[in-house]
Amino acid sequence: MLGRRKHTRFLLSEPVDAHLRLREEVSIERWSGTEIVVLSPEPLRPQERVTLEIPGDARGRTSARVSESRPAVAGDGAIRHRVVLAIESRGTDPSRIEGEES
Amino acid sequence: MSAGRHQRRPNVGHEPVATLVRSVPVRLVEVSRGGCRLESASRIESGTSGQLAVLLHGLLRIDDVRVARCQLRAGAGSVYQVGAELLRTRPLARRTVRMAVRKIISGSSPDGLSDGSASGPLLPETRATEEIDRSASRAPPRGS
């Protein structure tokens, strides 16, 4: 690791609270009126609040809460996590998304 | 690391895809012009990109970051140390983390104010820390 860092680092005397907004691409497996099932590359914690954004649609934001997250094998054989999201508020019609993607 | 990034791509061949956005509480511990060290109660995969939002001197500073490394801090329970690179994806402006870091390093207030009239946390003091003792204990981020 010698020489890896380019800049001098400075330690804060008091750590500052912050938030990291992370974005993951997920595949939508199923979308009903009350819940969405997605395949995610990362596990999520139950009760965690997330937002699902639909590409190409500014109104396509759905707020949801994680109700279940379990490991699963995707179609390509890779290990993913099947996450069940309980919809809290929806901003788009899911049928539009399927139409756009197919 | 590149292999990890490839593994992260979901199967987009047949199923509709979406972007899952989640907010992870972290603590900003160390800064430099190129990146920062965060502490998180949960593991964050290397290569993950996102936005770092931090309230400094009453202003919400936001910048895009990419997680370069994440490792469990020995002897600190479930506290992960996250090394994040500050990405130059937006102009260096007043509300960016990079501008705040520059001000922190130079010792002035992050928005040019020096009278302390703004609300919110004041600028933390810093010291150069290439030789810092990293064994000092800290609590995990709030809200985790």
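Biologist: How many helices and strands does chain B have?
Modeller: Here helices (H or I, at least four residues) and strands (E, at least two) are DSSP runs, numbered from the N terminus. Reading from that end, the elements of chain B run α-β-β-β-β-β-α-β. Chain B therefore has, by this DSSP-based definition, two helices and six strands.

Biologist: And what does the model score in ipTM and pTM?
Modeller: This is a predicted model, in which local features need pLDDT of at least 70 and side-chain atom pairs count only at pLDDT 80 or more, while totals for chains, interfaces and linings use all residues. Residues are numbered from 1 along each chain as its sequence is written, and chains are lettered from A and ligands numbered from 1 in the order in which they are written. The scores are ipTM 0.77 and pTM 0.68.

Biologist: Over which residues of chain B does pLDDT stay under 50?
Modeller: Using pLDDT, the predictor's confidence in each residue from 0 to 100, chain B has a mean of 74, and 63% of its residues reach 70 or more. One stretch with pLDDT below 50 is residues 1–12, with 24 contacts beyond near neighbours in sequence, a contact being two C-beta atoms, placed from the backbone, within 7 Å. The other stretch has 18 contacts beyond four places in sequence. The answer is 1–12 and 111–122.

Biologist: In what order do the elements of chain A run?
Modeller: Chain A is made of one helix and five strands. From the N terminus on, their order is β-β-β-β-β-α.

Biologist: How many bridges join S4(A) to S5(A)?
Modeller: Strands pair if DSSP finds at least two bridges between them. S5(A), residues 79–89, pairs with S2(A) in the antiparallel sense over six bridges, and there A:Val37 stands opposite A:Val84. S4(A), residues 61–73, also runs antiparallel to S5(A), with A:Val73 opposite A:Ile79 and, among the five residues between these strands, A:Gly77 with a positive phi near 90°. The number of bridges between S4(A) and S5(A) is ten.

Biologist: Which residues of H2(B) are buried?
Modeller: Buried means 20 or more other C-beta atoms within 10 Å of the residue's own, exposed 12 or fewer, and partly exposed in between, with C-beta atoms placed from the backbone. H2(B) covers residues 97–106 and is followed by B:Gly107, whose phi is positive, near 90°. The buried residues are B:Val97, B:Arg98, B:Met99, B:Ala100, B:Val101 and B:Ile104.

Biologist: Is A:Gln47 buried or exposed?
Modeller: A:Gln47 lies in the loop between S2 and S3 (49–53) of chain A, and its phi is near 75°, a positive value in a residue other than glycine. Because it has 9 C-beta neighbours inside 10 Å, A:Gln47 counts as exposed.

Biologist: And B:His57, is that buried or exposed?
Modeller: B:His57 sits in the loop between S3 and S4 of chain B. Its phi, near 55°, is a positive value in a residue other than glycine. Since 20 other C-beta atoms lie within 10 Å, B:His57 is buried.

Biologist: Last one: what percentage of the 144 residues in chain B are buried?
Modeller: For chain A, 28% of the 102 residues count as buried. For chain B, the buried residues make up 32%.
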